[in-house]
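Me: Got a model open here. Can you walk me through it? I'll ask as we go.

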Amino acid sequence: MMMKKLSAVALAAAMSFSLSACTLGSTSWILKYGDDNQEVPTGIYVQNMYTAYSAAGQYATGGDTLLESSIEDKTADQWIRDTAMNLTKQYLAVTLKFDELGLTLTEAENTNIQSMVDGVWKRYGESYTLMGVNRDSYQKMLEYTAKTGDLFQHFYGEGGELAPTEEEYKQYFNDNYDRTRAVSYAKTSVDTMTEDELAAAEAELEEGETLPESGKAQAEAALARLQNGEDMITIIKEMEAEQKKDEEESTDGEKPAEEETDPAKYDNVVNVQNTSVPEAYRNESHAMAMGEVKIIESGNYYYVVQKLELDPDGSELTARKSSLLQEMKADEFDAMVQEWIAALPELTVNEKTVEEFSPEVIAKRQNG
C-alpha cells in the first residue's frame, strides 16, 4: 500500500521552497469532529500536503509538469489532495486511539520532542510560520510520530496482545534470512568473448602481452579450492592481502595498520527481500543447502558463495528482534490504522483550508 511508505513530514525539504512574504493559514482548522466540534489544526494538514507533494514526484508518470501527471488511476493533483487528507485523518485516528487506550508519552519522549521543537524553531520558526505551520502544529506532528511508535509497541511489542511468539520470530527469521560468505570476481572482456573472438584476440597480442584474466576462471578456481576443503576466509584474506599490496604501492610503500579479524566480519546476513543485494544472489543463495558452495553470476560479477548456518547460538535473532518485528507486523499495523480511520466520527472538512493549500499553491511556492 503506497500510503504506508509515507512518513510524517519533517519539513526540512520544504526549506528549499520559495516563501512568499505573506503568511499562509488564514483558517485555523482543517477538520472538526465530535459533539463539541474539536479541531485538527491547519498546520497538520499543511505538513501532510508537503509530504504528499514531495512523494508525488516519486510516483507520477506522464505529463510535462507534476500536476499534469498521473499517479495510479488519479490525476497527480487529486492524488496529492487525497494523500494529504488521508494522512491528516491518520493523525486524528492515531491520536484518538492513543487517548482511548489511556497511553501517555514518557518523560523522555516529551523531553526529546521539546528539544527538537526548540532547535528547529530557533532556526526555522519564521519560515514555518510563513508556510502556515505554527509551533504547536509542528510539535503535535512530532508527538503523533511518537504516539504511532508507542501504539505499535503496545500491540506488538513484548507483552502486547498481538506480540509474536518466540517461535514466530524464529520461523520468520529462518524463512526470510540467510547467512553466507562470498568472494566476488569482476567479469573481464574475456568473459564476454566467443571462442572465435578469444582466438582472434590472442592472435593479436604483442610479445609479452596477455589477455585479462577471466573472472569466471578465477571464480571456478576458488570454488575448486573450497570443494577441496579450503576455508572461505583464507581465500578472502588472500584477496585482501593483494588489495593491501596495491594500496602500499600507491602510497609509496606505507603499510596500513594491521587489524584483528573477527570471522563474523565476513558473514553476510541477508533478507531475501533486500533489493540492495543482487536478485540472483538473494534467490540462489536462499535455495542453497547448508554448507553448499557454488558460483552465482549476477551483473558484472561472479560470486563464489558458501551457505552457513543462519543463527547457531541465537544471538543474531536476539540482536535483530526490533527490526524483525517491524518487518513482520508493519503491514498488519498499517491495516489496523486504516480501520481506525474508517471508524472515525463524522468529520467536517474546512474546504477553505483545502483550497488555500492546494497542490497548485504548493507548486507555485516551490517554483517561486
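Me: Start with the inside. Which residues of the largest nonpolar core touch the most other members?
Reply: This is a predicted model. Its largest nonpolar core has 62 residues. Those touching the most other members are Val 40, Tyr 45, Ile 80, Tyr 138, Leu 324, Phe 333 and Trp 340.

Me: Which elements each supply at least two residues of this core?
Reply: Strand E1 does, and so do helices H1 (42-59), H2, H3 (107-131), H4 (135-156), H5 (166-176), H10 and H12.

Me: And where does the largest share come from?
Reply: From H2, with 10 residues of this core.

Me: Pick Phe 333. What does it touch, leaving out residues up to four places away in sequence?
Reply: Thr 148, Leu 151, Phe 152, Tyr 156 and Trp 340.

Me: What about a second core, how many residues does that have?
Reply: It is separate and has 14 residues. Among them are Ala 222, Leu 223, Leu 226 and Ile 236.

Me: Sheets next. What is the strand order in the three-strand one?
Reply: E2-E1-E9. The sheet is open and the pairing is antiparallel.

Me: Why is one side of E2 and of E9 left without a neighbour in the sheet?
Reply: Strand E2 (38-41) and strand E9 (347-349) stand at the edges. Each has a single partner strand, so one side of each has no neighbour in the sheet.

Me: How much twist, on average, from one strand to the next?
Reply: 25°.

Me: What packs on that sheet?
Reply: H2 does, touching E1, E2 and E9. Its direction makes about 45° with that of E1.

Me: Back to the pairing. How many bridges between E1 and E9?
Reply: Three, in the antiparallel sense. E1 covers residues 29-33.

Me: What stands opposite Leu 31?
Reply: Val 349, in E9.

Me: Now the four-strand sheet. What order there?
Reply: E6-E5-E8-E7. That sheet is open too, with antiparallel pairing.

Me: Which strands stand at the edges?
Reply: E6 (268-271) and E7 (293-298). Each has a single partner strand, so one side of each is left without a neighbour in the sheet.

Me: And the average twist from one strand to the next?
Reply: 45°.

Me: How many bridges hold the E7 and E8 pairing?
Reply: Six, in the antiparallel sense. Strand E8 is residues 301-308. Ser 298 stands opposite Tyr 301 in E8.

Me: Which helix lies across E5, E6, E7 and E8?
Reply: H9, residues 279-287. It runs at about 155° to E7. E5 spans 177-186.

Me: Charges now. How many salt bridges in the whole structure?
Reply: A search finds 21.

Me: Which residues are linked in a network of salt bridges?
Reply: Arg 179, Arg 181, Asp 267, Glu 316 and Arg 320.

Me: How far apart are the closest N and O atoms of Asp 82 and Lys 74?
Reply: 2.7 Å, in a salt bridge. Asp 82 is partly exposed, at 30% relative accessible area. Lys 74 is partly exposed as well, with 30%.

Me: Then Lys 329 and Glu 332. What separates them along the helix?
Reply: About one helical turn, because they are three residues apart in H10 (residues 315-342).

Me: Is Lys 329 buried or exposed?
Reply: Lys 329 counts as buried because its relative accessibility is 15%, and the cut-off for buried is under 20%. Glu 332 is partly exposed, with 36%.

Me: What about Glu 360 and Lys 364, where do they lie?
Reply: Both are in H12 (residues 359-367), four residues apart, which is about one turn of the helix. Glu 360 is partly exposed at 46% relative accessible area. Lys 364 is exposed at 54%.

Me: Last one, Thr 95. What does its side chain reach?
Reply: The backbone oxygen of Tyr 91, at 2.7 Å. Thr 95 lies in H2 (residues 76-100). With 14% relative accessibility, Thr 95 counts as buried.

Notes
Residues numbered from 1 in each chain as written. Predicted model: local features only at pLDDT ≥ 70, side-chain atom pairs only at ≥ 80, totals over all residues. Heavy atoms only, no water. Buried < 20%, exposed > 50% of the residue type's maximum accessible area, 1.4 Å probe, protein only. Polar contact = N/O pair within 3.5 Å; in protein donor to acceptor, adjacent residues only side chain to side chain. Salt bridge = Lys/Arg side-chain N within 4 Å of Asp/Glu carboxyl O. Pairing = 2+ DSSP bridges. Axes fitted to C-alpha atoms, helices over the stretch in contact; angles between N-to-C directions. Contact = heavy atoms within 4.5 Å. Core = buried A, V, L, I, M, F, W, Y, C linked by side-chain atoms within 4.5 Å.
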